[in-house]
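Work through the exercises below with the sequence and the model at hand. Try each task before reading its solution.

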Amino acid sequence: MARQHLLADAAGDIAPALERESEVLQRWLRRCNAGRDDWFASAFLLTDHVFDLGPKSYDGVITYESLVFPILGRLKSDELGEVRVYYPSTTLVAEHPAVLMWPDDEARARELDAARRWLQYLGREEVQRSAISYGLRPGQLDRPLGAFDLEKNPFLDMRRFGIELEPTLNEPPRPDGAVLLRLLELWRDATGRN
């Protein structure tokens with residue numbers, strides 16, 4: 001959201017725009033959060049709350065794709081009018097379930113070995129296949145989501161709500177840690193949340 005606001009979908013580095021427009025971004029973040037004094041402890045609770053109250057309280061919610069599946073699964077096709085899932089044209093994609101923060105630290109050899117074995121386990125085909133039933137896109141399978149003969153494939157079941165099997169995801173240049181920290185500080189100061 002911050003990237004789109006600052007750069008209006010233009011290509012480039014967010015860092016200079018963030019420095020130039022930080023106060024404008026902070027005002028915009030306040031407006032985006034206007035009307036809610038009490039926020040939820042998790043993204044799932046916020047997502048679920050949208051479907052409890054509907055459009056009288058929310059125009060929309062930005063959330064993780066996997067969080068909408070259990071909620072959409074409770075809806076009948078005529079409930080809540082036109083509930084749709086939209087994919088932002090520019091978005092960041094988490095392709096890995098974990099990141100090794102200190103890959104070369106010999107003092108953490110046992111922890112690194114355990115983390116590597118865990119990542120290898122998560123990369124196994126049967127584990128990647130099982131992720132689909134939870135609404136998680138597998139990152140290491142060589143077939144499209146629609147090609148899996150699974151008892152439960154929410155990606156197929158929820159297409160009527162706009163779920164895309166293969167959305168076009170354009171990832172912008174990833175900001176470095178200092179830029180992310182500055183964005184979090186601006187958001188925290190604008191919303192009062194951590």
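**Exercise 1: a pocket**

Task: find which residues line the second largest pocket, and sort them by type.

Solution. The lining of the second largest pocket consists of R137, P138, G139, L141, R143, P144, L145, L165 and E166. A pocket is an open set of points on a 1 Å grid over the protein atoms alone, where a 1.4 Å probe fits, with protein on both sides within 12 Å along at least five of seven lines; lining residues have an atom within 4 Å of a point. Next, sort the lining: 5 residues are nonpolar, 1 is polar and 3 are charged. Here Ala, Val, Leu, Ile, Met, Phe, Trp, Tyr, Cys and Pro count as nonpolar, Asp, Glu, Lys and Arg as charged, and the others, Gly among them, as polar.

The model is predicted: local features need pLDDT of at least 70 and side-chain atom pairs 80 or more, while totals for chains, interfaces and linings use all residues. Residues are numbered from 1 along each chain as its sequence is written, and side-chain values use heavy atoms, without hydrogens and water.

**Exercise 2: a bent helix**

Task: find where helix α2 bends.

Solution. Helix α2 covers residues 14-32 (a DSSP run of H or I, at least four residues). Its end C-alpha atoms are only 20 Å apart, whereas a straight helix would reach 27 Å at 1.5 Å a residue. The bend is at E21, by about 80 degrees, taken as the angle between axes fitted to the seven residues ending there and the seven starting there. Buried residues of α2 include L18, S22 and L25 (under 20% relative accessible area, 1.4 Å probe, protein chains only).

Terms used. Helix = DSSP H or I, 4+ residues; strand = E, 2+ residues; numbered from the N terminus. Expected span 1.5 Å × (residues − 1). Buried < 20%, exposed > 50% of the residue type's maximum accessible area, 1.4 Å probe, protein only.
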